[in-house]
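Please look over the sequence and the three-dimensional model shown here before reading the report.

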Amino acid sequence: MRTLIALMACCFVSATAYASETPAPAKISTAPAGASIRPSLQTKINKPSAAAASESAAASASAPASRASAKSEREREEQAEAELSAKIAARLAIMRANQAARVAQQAKAKKAAAVAAATPPPVVQFRSNHWSYEGETGPANWGRINPDWAKCSMGNRQSPIDIRDGMKVELEQITFDYKPSSFNVTDNGHTVQVQLSGGNFITVQNRMYELIQFHFHRPSEERINGKGYEMVVHLVHKDGQGNLAVVALMLERGKPQNTIQTVWNNLPLEKLETMAPSIVLDPMEMIPQRRDYFTYMGSLTTPPCSEGVLWLVMKEPVQASPAQMALFSRLYPMNSRPIQPGSGRMIKESN
Ligand SMILES: [Zn+2]
């Protein structure tokens, strides 16, 4: 019976502690708490045994008491005690499991709240990759279409420019080291672009740049002393550090141009498709005899309008036939960015 009382007391104290969700378990095992509870429990616990006693008295009244019956009553009591302690143990196990689950859930919720507080809300921005040469997606709005293109409207080293008031100096000649190369042609929706296999270089200002691609604009984007040309070829080069250098070749009406004809012959039938012919193309054929040039620091003339681009604009225009010009104009009648402010940039030119 003593064991039973102790178990009940333990159970009651534990239940109280769990119910109030007090995290400190010290209270459960303190002796005074158990002691103060014990008398009231004893009263409750005595009741069933008193009832059992009266039952047994009644039983003894109807039949004479024997040793055997007393023994079996003790055994029953012991069995009842054992069953009760098993039930209490099971109940305690369930309560402990529930408590552990609650604690885990609270910790998880706290963690989620902390993560949510630390994560900034997503910034909603209008972002598109579509641009064109006129209308809402035209050059005046490029900087607003995509935050990555902010330079198109905020930059102060933008291209193209009207090249004038150049400083005439002894400019080092550009060394062209081009050779017949395999190539492919893409109509990328903004221009016709020719990608070349590696191995074509220019050297200027002691830096070597490799030719990556060339493409066309109509009319010419840059002007020289206010004068524009019917078309321009941009030969885009990159050095080992990723710096860009663009050679601009002005195109005027005249004799057919071999390299341009080879490109036109291999135009893909559909936009965004690439034609990879098995022949080679020699970009050297396009380079004019006279190597005088203008140079200034500018930008890409299409989004993202990145600055830090070295521009090398050849003074002598290159000829292309009216038929060759007409063919391009059927694809792109106008694919030129307007002239950008010079913003006091230095322009140097060969003397
Ligand atoms: Zn270009």
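## Overall make-up

The model is a predicted one, and its chain holds eight helices and 16 strands. Of the 351 residues in the chain, 23% are buried. When contacts with a separation of 6 or more are considered, 67% of them are accounted for by residues 24 or more positions apart.

## Strand pairing around β7

Strand β7, which spans residues 207-217, is joined by three bridges to strand β5 (residues 192-196), and the two run antiparallel. Within this pairing, Val194 has Phe214 of β7 as its bridge partner. Strand β7 also runs antiparallel to strand β6 (residues 201-204), to which four bridges join it, and here the bridge partner of Phe201 is Glu210 in β7. Strands β6 and β7 form a hairpin with two residues between the strands, where Gln205 adopts a positive phi near 50 degrees.

A further antiparallel pairing links β7 to strand β9 (residues 231-238) through seven bridges.

## The largest nonpolar core

The largest nonpolar core comprises 48 residues, and the ones with the most contacts inside it are Ala248, Leu249, Leu251 and Leu312. Strand β10, made up of residues 244-253, gives the most to this core, contributing seven residues. In soluble globular proteins, nonpolar side chains tend to be buried together.

Once its neighbours within four places in sequence are left aside, Ala248 is in contact with Glu222, Val232, His234, Trp311, Val313 and Met314.

## Asn265 at helix α7

Is Asn265 buried or exposed? Asn265 is found in helix α7, which covers residues 258-265. There are 11 other C-beta atoms within 10 Å of its own, and because a residue counts as exposed when 12 or fewer lie within that distance, Asn265 is classed as exposed.

The position of Asn265 can also be related to a residue elsewhere in the sequence, namely Val185, which is 80 residues apart from Asn265 along the chain, while the C-alpha atoms of the two are separated by 9.9 Å.

Terms used. Residues are numbered from 1 along each chain as its sequence is written. This is a predicted model: local features need pLDDT of at least 70, side-chain atom pairs count only at pLDDT 80 or more; totals for chains, interfaces and linings use all residues. A residue is buried if 20 or more other C-beta atoms lie within 10 Å of its own, exposed if 12 or fewer, and partly exposed in between; C-beta atoms are placed from the backbone. Two strands pair if DSSP finds at least two bridges between them. A nonpolar core is a set of buried Ala, Val, Leu, Ile, Met, Phe, Trp, Tyr and Cys residues joined through C-beta atoms within 7 Å. Two residues are in contact if their C-beta atoms, placed from the backbone, lie within 7 Å.
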